[in-house]
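Colleague: I am new to this model. Please take a close look at one part of it, and tell me which side chains meet there and how open they are.

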Amino acid sequence: MATAFVTHPDCLKHEMGAYHPERPERLSAIEDQLIASGIGQYLVRHDAPLASDEQLARVHPIEYVRAIRDAAPEEGTVHLDPDTAMNPHSLRAALRAAGAAVLATDLVMRGEADSAFCSVRPPGHHACRARPMGFCIFNNVAVAARHARHAHGVERTAIIDFDVHHGNGTEDIFQGDPHVLMASTFQHPFYPYSGTEDPAPNMANVPLPAGSDGRALRAAVDRIWMPALEDLEPQMIFISAGFDAHVEDDMAMLRFTESDYAWVTQRVKEIADKYAEGRIVSVLEGGYALSALGRSVVAHLKVLGTL
Ligand SMILES: [Zn+2]
């Protein structure tokens, strides 16, 4: 058994404009570092399927799913919000990104993989129930978490989110849901300016001021996340794996490094091993400094797959 690596060439065809930071080269940078590090050979690769309307509709109203299908252009680019656009390939990329997380969940739940990483775009954690936002169209991790419950009977799920931005879409979807705990760190105050005002009891949100480094992450995890995770005893853990809090990433102003991503992955793995038979599905979110992104994913995967 090994760690599954789920991706699809369609995810490289989604483009939102020449200078957009959420660009296809992000996935290529990850592939480059898999080769450079030598760990690529230990991952079991899978092509992401397209998510079905039934899978998406566990999170998003079907009217929203249809509106996204209708918005997809046959040529050119259409904007869904100021930061989020679709080209003729974006619909399939978005369906593959959510489908990757669903397949990863199936592989891990069926015991066909120990853990899984989805190297996909568009990302998902800003996508709300009925609103695309911040480079995100469908909430990939949310679709997978609901799939775990409805297709595999997983009653207690933890969603870990260490992206530099608050996962407001995931919070919108799961706040007050007794089946899900969301544990997150994010720069605050910063886009999308949410996550701090009266969060629901199932939200372990930890805002970090600009300039915080890995020590702040580690303190947040040990003091806030770990007790909440111990309390939940999750049967499955999802990770919204954004790497834009890296010190080299100028999208934001946190100062994490690869060793911090390895450390937090290890802590999450301890909980997964204790309560969830090791089941972790990690899905790419942000990360815009290409070299730092690739190196951070490798650090994350080395711990995830014990490579
Ligand atoms: Zn982000």
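Modeller: Start with exposure. A residue is buried under 20% relative accessible area, exposed over 50%, and partly exposed in between (1.4 Å probe, protein chains only). By that scale glutamate 248 is partly exposed, at 42%.

Now the ground rules. The model is predicted, so local features need pLDDT of at least 70 and side-chain atom pairs count only at pLDDT 80 or more, while totals for chains, interfaces and linings use all residues. Residues are numbered from 1 along each chain as its sequence is written, and side-chain values use heavy atoms, with hydrogens and water left out.

The part to look at is the loop between strand E9 (236-241) and helix H8 (258-275). Helices (H or I, at least four residues) and strands (E, at least two) are DSSP runs, numbered from the N terminus.

Glutamate 248 forms a salt bridge with arginine 295, and their closest N and O atoms are 2.8 Å apart. This bridge ties distant parts of the chain together: glutamate 248 is in the loop, arginine 295 is in helix H9 (residues 290-304), and 47 residues separate them. The term covers a side-chain nitrogen of Lys or Arg within 4 Å of a carboxyl oxygen of Asp or Glu. Arginine 295 is partly exposed too, at 23%.

Next come the rings. Rings of Phe, Tyr and Trp (its six-membered ring) pair if their centres lie within 6.5 Å; planes under 30 degrees apart are stacked, over 60 edge-to-face, and the rest tilted. Phenylalanine 243 is buried, at 1%. Tyrosine 261 is buried as well, at 0%. Both rings belong to one aromatic cluster, made of Phe162, Phe243, Phe256 and Tyr261.

A search of the whole structure finds 20 salt bridges. Among them, glutamate 22 and arginine 26 meet at 2.8 Å, N to O. Glutamate 22 is buried at 1%, and arginine 26 is buried at 0%. Elsewhere, Asp10, Lys13, Arg92 and Arg96 are linked in a network of salt bridges.
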